[in-house]
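This report describes selected features of a single protein model.

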Amino acid sequence: MANLPRILVALAALFFLFMGVQFWFALDGAAQSFGLTPDGLIGRASIRADVGGLFIGGGLIMAHAAWKQCAMCAGAAATIIGVALTGRFVTILLDGMPSGGVPPMVVEAVMVAILLWARASWKRA
């Protein structure tokens, strides 16, 4: 049970790294699955940098958090995902609920909960 937060954070890291690599090297399919349409080379570069970079950066932070049981890194990753989740709520307030908007919100909320649980567990260790 003591290793469960570490395992879950490591799995989240792998998921984020996989998604980031998809945005870097299989851009068209990844972008389409997120409802994004790159407009020219600058659009493709922006999606790779902003979306791919967010996923890879977050994945690396979570991987370090899991490896070292770093409470601060788990908190940082929770903050990044929590801010993204907040952006989804801003969309709901300003534009309405998008079709298919609930599943990614649930995934993000669960990831934040796991990361905060790991952070709290690792602070006690």
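## Aromatic pairs

The structure contains 6 aromatic pairs. One of them joins Phe23 and Phe34 in an edge-to-face arrangement, with 5.1 Å from centre to centre and 80° between the planes. Phe23 belongs to helix H1, while Phe34 sits in the loop between helix H2 (27–33) and H3, so this pair ties together parts that are 11 residues apart in sequence.

The model is predicted, and side-chain atom pairs are counted only at pLDDT 80 or more.

## Salt bridges

Side chains of opposite charge can pair when their charged atoms come close. With a cut-off of 4 Å between a side-chain nitrogen of Lys or Arg and a carboxyl oxygen of Asp or Glu, the count comes to 2 salt bridges.

Asp28 is located in helix H2 and Arg44 in helix H3, so the contact ties together parts that are 16 residues apart in sequence.

## The largest pocket

Rolling a probe the size of a water molecule over the atoms shows where empty space is left. In this model, the largest pocket holds about 690 Å³ of space. Its lining comprises 27 residues, of which Phe34, Phe55, Arg88, Pro104 and Glu108 are the closest to the centre of the pocket. Phe34 is thus a lining residue as well as a partner of Phe23 in the edge-to-face pair.

Four helices each supply at least two residues of this lining: H1, H3 (40–68), H4 (71–95) and H5 (102–124). The largest share, 7 residues, comes from H4. Sorted by class, the lining of the largest pocket consists of 17 nonpolar, 7 polar and 3 charged residues.

## A nonpolar surface patch

On the surface, Met1, Leu4, Ile7, Leu11, Leu14 and Trp117 form a nonpolar patch, and together these residues have about 640 Å² of accessible area. Helix H1 (residues 4–25) provides the largest share of the patch, 4 residues. Leu11, one of the patch residues, has its place in helix H1. Helix H1 therefore contributes to the nonpolar patch, supplies part of the pocket lining and carries Phe23 of the aromatic pair.

Definitions and conventions:
Residues are numbered from 1 along each chain as its sequence is written. This is a predicted model: local features need pLDDT of at least 70, side-chain atom pairs count only at pLDDT 80 or more; totals for chains, interfaces and linings use all residues. Side-chain values use heavy atoms; hydrogens and water are left out. Patches are made of residues with over 30% relative accessible area and no salt bridge: like charges are joined within 9 Å, nonpolar side chains (Val, Leu, Ile, Met, Phe, Trp, Tyr) within 5 Å. Accessible areas come from the Shrake-Rupley method with a 1.4 Å probe; for residues, only the protein chains shown count as cover. On a 1 Å grid over the protein atoms alone, a cavity is a set of points where a 1.4 Å probe fits but cannot get out, and a pocket is an open set with protein on both sides within 12 Å along at least five of seven lines; lining residues have an atom within 4 Å of a point. Grid points are joined across faces, edges and corners, and a volume is the space filled by probe spheres set on the points. Ala, Val, Leu, Ile, Met, Phe, Trp, Tyr, Cys and Pro count as nonpolar, Asp, Glu, Lys and Arg as charged, and the others, Gly among them, as polar. Rings of Phe, Tyr and Trp (its six-membered ring) pair if their centres lie within 6.5 Å; planes under 30 degrees apart count as stacked, over 60 as edge-to-face and the rest as tilted.
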